Amino acid sequence: MMLYSAVNMKLRDSYSTLEELCAAEGIEHEILTDKLKRAGFEYNPEVNQFR
């Protein structure tokens with residue numbers, strides 16, 4: 001839940017896309033999305049949040 005909250009906060013406050021967040025923070029896009037998917041969350045680009 002901490003990762004989910006932190007990522008969504010960054011997306012809401014600082015980045016307009018998940019790709020932008022990953023590039024700026026040096027995070028592998030696939031690793032992040034896989035980890036959150038295993039926790040039950042998927043990225044929705046229309047709202048720029050994991051849900």
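**Arg-51 and its surroundings**

I began with the contacts of Arg-51 and found that, leaving out residues up to four places away in sequence, Arg-51 touches Tyr-4, Gly-40, Phe-41 and Glu-42, where contact means heavy atoms within 4.5 Å. I note here that the model is predicted, that local features need pLDDT of at least 70 and side-chain atom pairs pLDDT 80 or more, and that totals for chains, interfaces and linings use all residues. Residues are numbered from 1 along each chain as its sequence is written, and side-chain values use heavy atoms, with hydrogens and water left out.

Arg-51 sits in the segment after β2, and I recorded it as exposed because its relative accessibility is 58% (buried is under 20% relative accessible area, exposed over 50%, partly exposed in between, with a 1.4 Å probe and protein chains only). I also looked up its distance to Asn-8: the two C-alpha atoms are separated by 9.1 Å, although the residues are 43 apart along the chain.

**The chain as a whole**

I listed three helices and two strands, in the order α-α-α-β-β along the sequence; helices (H or I, at least four residues) and strands (E, at least two) are DSSP runs numbered from the N terminus. The radius of gyration is 10 Å, close to the 10 Å of the globule rule for 51 residues, so the chain is as compact as a globular protein of that length; the radius is taken over C-alpha atoms, and the rule is 2.2 Å times the number of residues to the power 0.38. The C-alpha trace spans about 25 × 20 × 20 Å along its principal axes, and 27% of the 51 residues count as buried. Among contacts with a separation of 6 or more, 47% are between residues 24 or more positions apart.

**Helix α2**

In α2, residues 18-25, I found Leu-18, Leu-21 and Cys-22 buried. Seen down the helix axis these buried residues fall within an arc of 95 degrees, so they line one face of α2; the arc is that of the directions from the helix axis to the C-beta atoms. On the other side of α2, Ala-23 and Ala-24 are exposed. The cover over the buried residues of α2 includes α1 (2-13), α3 (29-38), β1 (43-44) and β2 (49-50). Gly-26, which follows α2, has a positive phi near 70 degrees.

**Helix α3**

I then turned to α3, where Leu-32, Thr-33 and Leu-36 are buried. Down the axis of α3 its buried residues fall within an arc of 90 degrees, so they too line one face of the helix, while the face turned away carries the exposed residues Ile-31, Lys-37 and Arg-38. What covers the buried residues of α3 includes α1, α2 and β2.

I checked Thr-33 separately: it counts as buried at 19% relative accessibility, and, leaving aside neighbours within four places in sequence, Thr-33 is in contact with Leu-18 and Phe-50. Just after α3, Gly-40 takes a positive phi of about 100 degrees.

**Asn-48**

My last entry concerns Asn-48, in the loop between β1 and β2, which has a positive phi of about 55 degrees although it is not a glycine. Most residues other than glycine have a negative phi. Asn-48 is buried, with a relative accessible area of 11%.
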